[in-house]
Amino acid sequence: MLPKATKSFPDPPATSQDVPESNLPDARPYADWTEQGTIVVISQPAGQSCAVVGGIMAARMKQLGAQGVVVDGRVRDIVALNDTQLPIWSKGTSIIGAGAETRFHARNVAVRIGATTVKPGDIVMIDPFENGVVAVPQDKVEQLLELLPKLVQADEQVIKDVEAATMGITDFFTDVWDTFAHPSPDAEVQGGSSTKSPASGTDEESGEEAEVNKQDEKKGGESQEQGHKPSGKGSDDEEPEEEEEEEEEPDPKETLEKECAESKECHPAKHHYDECVERVTGQIENDGKASEDCVEEFFHLAHCATQCAAPKLFAQLK
């Protein structure tokens, strides 16, 4: 949508230079361009008083197969909007129609809502229970699908631990941080030697050799054949020198990420995470349970620390 001048609003704000060119072949209303099975995302010029979605437009979008509407602006006809049973999110409401100060400008173009840019084809999810909307860029879908099970597992685990009072919030997120950033070597399958037979070069008897020796002892020297004994090292053999164990150097990735988590760059994320931990800890101490968790704040901090540490780590590896 773009602003336009009318008698009621004669001085519209100037159009931003980053607005794309119009791609409309005719003057049809925007609702007529609705595509089956899509979420309609509408950007309205900031500061306007009018609504850009009302009962008629919403009914038309539903009739053409829209699954929901997200409006970066105002809507009106709330009763009629509810009657459509479409999930519709907006920043506010108005009793003024769209034609008073706005006009349809382009379709299937990138729109910016706050700090988020939504492009045609992005995955838009509307959660009616949490009253929220999430836009996932197409090139991030695979990463999201890989990360989601870990987020869900972490969320469920913190709830279990909090309810069981087995650890504090801070301790839990420290463990999660270590798990995501630095997998424990104990989780890997370790190799080993079989204990069913003696290792080569030892003085231990195998099962067959022990049986032969027992039979020789029963014969009481009838045969000069000696029992079969495994070959071993003589007493004069020199013991191999033990190699000195070198002290492992600290993982530079872990060190850099911890430094980044405390840096100015990650201060906002760290501040929100610390505030959340303090808030949740207080809820548990006062009420015996928490009404929220800090999973989202934690992963924001972890993401910032990882992004900050990556170029520094690669510089060390060159």
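Close-up 1. C304 is buried at 15% relative accessibility, where buried means under 20% relative accessible area, exposed over 50% and partly exposed in between (1.4 Å probe, protein chains only). C266 is buried too, at 0%. The two form a disulfide with sulfur atoms 2.1 Å apart; the criterion is a pair of cysteine sulfur atoms within 2.5 Å. The link is left-handed, with -100 degrees about the S-S bond. It connects distant parts of the chain: C266 sits in the loop between α6 and α7 (267-287), C304 in helix α8, 38 residues apart. Helices (H or I, at least four residues) and strands (E, at least two) are DSSP runs, numbered from the N terminus.

The model is predicted: local features need pLDDT of at least 70, side-chain atom pairs count only at pLDDT 80 or more, and totals for chains, interfaces and linings use all residues. Residues are numbered from 1 along each chain as its sequence is written, and side-chain values use heavy atoms, with hydrogens and water left out.

**Close-up 2. The disulfide between C260 and C308.** The S to S distance is 2.2 Å. The torsion about the S-S bond is about -70 degrees, so this disulfide is left-handed. C260 lies in helix α6 (residues 252-261) and C308 in helix α8 (residues 295-317), so the pair ties together parts 48 residues apart in sequence. C260 is buried at 1% relative accessible area. C308 is buried at 4%.

**Close-up 3. The disulfide between C276 and C294.** Here S to S is 2.1 Å. The link is left-handed, at -95 degrees. C276 belongs to helix α7 and C294 to the loop between α7 and α8, so the bond ties together parts 18 residues apart in sequence. Both are buried: C276 at 0%, C294 at 1%. The count comes to three disulfides. Their pattern is 1-6, 2-5, 3-4, with bonded cysteines counted along the chain.

**Close-up 4. The second largest pocket.** Its volume is about 1,400 Å³. Of its 48 lining residues, V41, I42, S43, V109 and V111 are the closest to the centre. Elements giving two or more residues are β1 (2-3), β2 (39-43), β8 (111-113) and β9 (116-118). β2 gives the most, with five. A pocket is an open set of points on a 1 Å grid over the protein atoms alone, where a 1.4 Å probe fits, with protein on both sides within 12 Å along at least five of seven lines; lining residues have an atom within 4 Å of a point. The volume is the space filled by probe spheres set on the points, joined across faces, edges and corners.
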